[in-house]
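Dear colleague,

Please find below the structure that I am handing over to you. My findings follow directly after it.

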Amino acid sequence: MIELRGVSKTVLSGGQPLTILHPLDLDVPDGQCLAIIGPSGSGKSTLLGLVAGLDSPSTGRITIAGHDITSLNEDALARLRGEKIGFVFQFFHLVPSLTAIENIQVPMEIAGRRDAAARAQALLDEVGLHDRGHHYPAQLSGGEQQRIAIARALANDPPLILADEPTGNLDSSNGRHILDLLLRVRRSRGVTLVVVTHDPSVAAVADARLVLRDGRPVAEETTAHGGLT
Amino acid sequence: MKLADGVRYEHALLRGFGILVRPELLAQLGVAVGDGLTIGSQRFTIRGVIDSEPGRRLGAFSIGPRVFVDLADLQKTGLMSFGSRAMTQMLVRVPEPQLDALVAGLRKDFANAFARVRSYKATEDDIGEDFARAEDYLSLVGLVIVILGGIGVSSVTRVFVQQKMKSIAVLKCVGARSMQLLSVYVAQVAMLGLAGSLLGVGLAALAMRAIPSLLSGTTPGVDITYALTLPAVAQGLGIGLLVSLLFSLVPLLEVRHVKPSLLLRDEVRPHRTDVTQVLVTLFVVAGLVALTVWQAGSWRVGLIVAAGFAGTAVVLHVAGSLLIRAIAPLARSKSFALRHAVLQLSRPGSQMRIVLLAVGLGSFFIIGVRSLQHNLVAEFQVNVTPESPDMFLLDVQSDQVGAVRSVLARYQPSGSAPARLLPVLRARVVGVEGRELRLEDYEDVRGRGSLAREYTITYRQTLEPNERIVAGALWDATPSAAGEVSVEQSISERFRIGLGDTIRFDVFGRIVSAKVTSIRYVEWSDSRAGGFMFVFRPGLLEKAPHGFIGFLRGPDEAAARARMQADLVGVAPNVSVIDGREILSAIQSVVDNVTLAVTVVGTLVLFSGLLILVGAVAMTKFRRVYEGAIFKTLGATRQLIAAVLLLEYGLLGVLAGGIGAGGAMALTWGISRYALDMPFHPLVGLSAAGVAVTTVLVAAIGVISSWEVLQHKPLATLRAE
C-alpha cells in the first residue's frame with residue numbers, strides 16, 4: 001500500500017537547512033497497522049504528512065496504492081487523497097462553521113457522491129453519535145469531535161487511514177474509545193492504518209512499529225500480528 | 001474695486017463727471033480711457049476700466065456693461081425723472097454677529113414693500129443656492145469619509161488582534177497584565193493614527209498647491225487663495241487620531257480575553273456579556289456622536305446625522321440578515337462550491353455578516369454619494385441644443401420691431417428658426433374674484449405676500465414647447481377683447497386661483513380684468529423661450545404701451561455676432577443685446593468646477609470604501625486559510641476551492657451591493673426631497689453598475705487575498721492552528 005524510497009525532508013530554519021527527516025525506506029503492505037513512535041520533534045508527523053501528500057519530500061519517491069505521488073501536482077494529490085486516504089488529526093480539524101454531519105459529508109461532496117447525506121448519517125451511527133449530527137464542533141467534546149473526524153476519514157471508503165496522534169488531545173478514557181474505534185474500523189473494513197503516537201498502548205496493538213529519533217529510524221519491529229518487509 | 005492697468009480706485013476719479021466702465025463697453029462702443037461719453041443729457045469722461053468689483057457673483061451678468069458714476073452726477077443725466085424705472089441698492093457693512101438678525105428684522109419690516117434684503121450669505125439667487133447645496137454636500141461627505149475610514153480601522157484592528165493572539169498569550173505567560181497590553185496597543189493605534197493623519201495633511205498640502213494651476217482662469221474676477229490653515233491642520237490631525245482610537249477601542253478589548261492557556265490548547269471562550277465592553281461601546285458611540293456634532297457645527301444636525309448613521313447601520317444589518325435568510329435554501333444545491341459558499345454566509349455568528357455590513361455600508365455611501373452627485377450635476381446642467389436661442393434682445397419698442405427684424409434676418413444662420421419677438425408688459429395683480437380667494441383691492445393683494453410683486457406678462461395664441469395645459473383649455477386663434485388669462489400652475493395652487501376666477505391687473509395705471517380659462521404647467525428649467533406666470537389671450541393688451549423681447553440664434557462666428565450687435569445699435573440704440581453664450585460659458589465654468597469638486601470627493605469616498613473592503617476581507621482570511629487547508633486534505637482541488645471562494649465573495653458582493661444600492665436610492669430620494677429641495681431622478685443604471693462593481697471588487701479582493709490558501713501546502717497551515 002505504501003512504499004517509500006530514500007524519502008527525506010529538509011527545511012530552512014533560521015536561514016540554515018535543517019533535516020527533519022533523513023532518507024528513509026519503508027514498505028507498508030495492504031491491511032497492515034503500523035505505529036510510528038518516537039519523541040517530539042523526531043519527524044513522525046512530518047513523515048505522515050509526506051505519506052498523505054500534504055507536504056512534498058526534499059528527496060525520494062513515495063508510492064501510494066501503486067501511484068507515485070511525488071510526481072503529482074497539488075490537484076492530483078488532492079484527488080488521490082479524496083479517493084484513497086482518510087486522515088485523522090490530533091486537533092481534529094473539523095470545519096467550525098459546519099455541523100458534525102456536514103463535516104462528514106464534505107469529502108463525499110467533493111468526490112461528487114450523490115448519497116452523501118444518507119451515508120454521512122450511517123457513518124455517524126457507526127461512530128456512535130447518531131443524535132449529535134446537527135451540533136457544531138464547538139458544541140462537541142474532544143472525544144466526540146475526534147469520532148466525527150474518524151467518520152469523515154471513512155467517508156469515501158479509503159483503503160488507507162492515516163492518524164496523527166489521534167488520542168494525543170484526549171483523556172485516557174476517551175483516547176481508549178477512539179483507539180478501539182480505529183482498530184474496529186480497520187478490522188471490519190480491512191484498511192491499512194498508520195498511526196503516529198506517543199501512546200505505548202497504541203503501539204502495543206499495532207502489527208508493526210517504526211521508531212524515529214531525530215529524523216532517523218532507530219528500530220523497525222514486527223509484532224506477532226503482522227510483518228514489516 | 002480693482003481697476004485695470006494698476007490704477008488705484010479712489011472717489012476722486014468720479015469727481016467732475018468722471019466714469020468708470022467695464023471693458024466690454026470700450027469694445028462695444030469703440031472708445032478708450034480719456035474719451036467722452038454722453039449718458040442721458042450729460043457728458044462724462046471715461047477715467048478708468050473696472051477689472052473686478054467686490055460682491056459681484058461668479059458668473060454674474062448684467063444687462064449691458066456696467067458704468068460707475070458719482071451718485072450726485074446721476075441726477076444731472078436727466079434719466080431719473082418721473083416714470084423712470086430705477087432700482088436703488090444700499091450696501092451696508094454690519095458686524096458679523098448681528099448680520100442674520102438684521103437681515104431677518106429688515107425682511108419682516110419690509111415684508112409688504114418692494115425692498116429685498118440679503119446678506120453676503122444670501123442663498124436667494126440660484127447660483128448662491130447651488131453653492132450652499134454644494135457646501136452642505138461636501139461637509140456631509142466629509143463625515144461619511146471619516147466614518148467609512150473608522151469602519152476600516154475597526155476591521156483592521158480586529159485582524160490585528162487575531163494575528164497577535166499568540167504573542168499576547170506569550171506576553172501574559174511572562175507576566176504582562178491586560179491593562180498593560182491594552183495600553184501598548186492603544187498607543188500603537190494612536191501612533192498609526194497620527195502618522196496617517198500627518199500623511200493626510202501632507203497630501204492636502206500637495207493638493208492645495210495643485211488646485212490653483214488646475215482652476216486658474218476659471219474664476220474670473222474672484223481672487224481665492226488656497227492654503228492650509230493651522231486650525232484646519234489641527235482639526236485634521238485631531239479627527240484622524242480620534243477616529244482611529246474610537247474605532248479601534250472595542251476590538252482591542254479582545255486583548256483582555258486572551259488566556260495564556262491558548263498556547264497549550266484551543267479553547268472556545270464561553271459567550272458572556274462583557275460589562276466593560278458594553279460601557280466602552282457606549283463611550284465610543286458618545287464620542288462619535290460628539291465628533292459628528294462638532295463636524296456638523298450644530299447639535300441638531302449632528303444628532304440627526306449620527307442617528308441617521310446608526311439607523312442606516314441597523315437597517316442595512318436587518319436587510320443583510322433577511323437577504324442571507326433568503327438565499328439559505330441555495331445550500332441544498334448539488335454544486336459543492338455553491339453549497340459551501342452559501343453555508344459560509346448563512347451560518348449563525350459568521351464573520352461574513354460583519355463584512356456584509358461593512359461592505360454594504362461602504363457601497364451604500366459610495367452609490368449614495370455618486371447618485372447624489374448625478375442629481376446635483378443634473379440640476380446644474382445647462383442644455384444647449386444647436387437650435388436653441390443664444391442671444392436675447394431686451395426693450396425692443398413697437399415701432400422698432402420691423403427694423404430689428406430685418407437686421408436679424410440678415411444674420412440668421414441657415415437652418416435656424418427665425419428670431420422670435422415676444423410682447424412683454426409689466427403688471428401687478430390688484431384684485432381677485434374667485435371661488436376660494438377674494439381680494440378687493442391692492443392692499444388685500446399685498447397681504448398675500450408675493451402675489452403683489454410686479455409680473456412680466458405677455459399675450460400669445462399658442463403654448464411654448466416647455467408648457468402644457470393642466471386644467472381648462474387654451475383659447476383659439478381669434479383675438480378677443482374679453483380678457484382671458486392662463487395662470488401658471490404653482491401660482492394657481494399657492495394662491496388658490498382656479499378656473500373661472502377673475503383677476504384684475506394694473507397695467508401701466510390701467511386696470512384690466514381677465515378671466516382664468518386655463519392653468520399651465522411650465523418647465524422652468526427649460527424656460528429659455530420665456531417663462532410667464534400670466535399669459536393673456538391676444539386682443540386685449542395690444543393697445544397698451546409695451547415693448548418686446550427677442551430670442552434668437554445668433555451667428556456662430558464671433559465677428560458676425562459683433563457686427564450684428566453694431567447693426568442693431570444702429571437701428572435701435574436703446575435695445576440691449578445679451579449674448580447668451582457668454583452667460584452660458586460663465587455658468588458652465590462654475591458648473592465644471594463644482595462637478596470637479598464633487599467628483600474628487602466621490603473618488604475619496606470610493607477609496608475609503610475600498611479600504612473597508614480590504615480590511616473586511618482580511619478579517620475572514622484566517623478562517624479561509626484554515627478551511628482551505630482542511631478542504632485540500634479532504635480531496636478538494638485548487639480549482640474547487642477557488643470556485644467556493646469566488647462564489648462566496650461574489651455572493652457577498654451581490655448582497656452588499658444590493659443592500660447598498662437600495663439604501664442609496666432611499667438616501668438620495670430623502671436628501672433630494674427634504675434636504676436639498678430638488679427633483680429626484682432614480683438612477684437605475686448607476687445602481688446596477690454599483691452592484692456589479694461591488695460584486696466584482698469583493699470577489700476579486702476576496703480571491704486575490706486568499707491566493708495563499710490556494711498555493712500553500714495544507715500541512716503547515718494545519719500545524720500552525
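I begin with a single residue of this predicted model: Leu183(A) is located in helix H6 of chain A, which covers residues 172-189. Leu183(A) has 16 C-beta neighbours inside 10 Å and therefore counts as partly exposed, since a buried residue would need 20 or more and an exposed one 12 or fewer. Ala206(A) lies 23 residues from Leu183(A) along the chain, and 9.1 Å separates their C-alpha atoms.

The next point concerns the contact between the two chains. Chain A contributes 23 residues to this contact and chain B contributes 24 residues. On the side of chain A that touches chain B, the elements giving two or more residues are helix H2 (74-84) and helix H3 (100-111) of chain A. The most comes from H2(A), with seven residues. Sorted by class, that side of chain A holds twelve nonpolar, four polar and seven charged residues.

Finally, I draw your attention to a helix pair within chain B. Helix H11 (residues 401-411) and helix H14 (residues 558-571) of chain B pack at an angle of about 165°, and their axes are 10 Å apart. Because of this angle, H11(B) is roughly antiparallel to H14(B). The crossing in which H11(B) passes H14(B) is right-handed. From H11(B), Ala403(B), Val404(B), Val407(B) and Tyr411(B) take part; they meet Ala560(B), Met564(B), Asp567(B), Leu568(B) and Val571(B) of H14(B). The residues of this contact comprise eight nonpolar, no polar and one charged.

Yours sincerely

Key: Residues are numbered from 1 along each chain as its sequence is written. Chains are lettered from A and ligands numbered from 1 in the order in which they are written. This is a predicted model: local features need pLDDT of at least 70, side-chain atom pairs count only at pLDDT 80 or more; totals for chains, interfaces and linings use all residues. Axes are lines fitted to C-alpha atoms, for helices over the stretch in contact, and angles run from 0 to 180 degrees between N-to-C directions. Helices (H or I, at least four residues) and strands (E, at least two) are DSSP runs, numbered from the N terminus. Angles under 35 degrees count as roughly parallel, over 145 as roughly antiparallel, 65 to 115 as roughly perpendicular and the rest as oblique. A crossing is left-handed if the near helix is turned anticlockwise from the far one by less than a right angle, and right-handed if clockwise. Two residues are in contact if their C-beta atoms, placed from the backbone, lie within 7 Å. Ala, Val, Leu, Ile, Met, Phe, Trp, Tyr, Cys and Pro count as nonpolar, Asp, Glu, Lys and Arg as charged, and the others, Gly among them, as polar.
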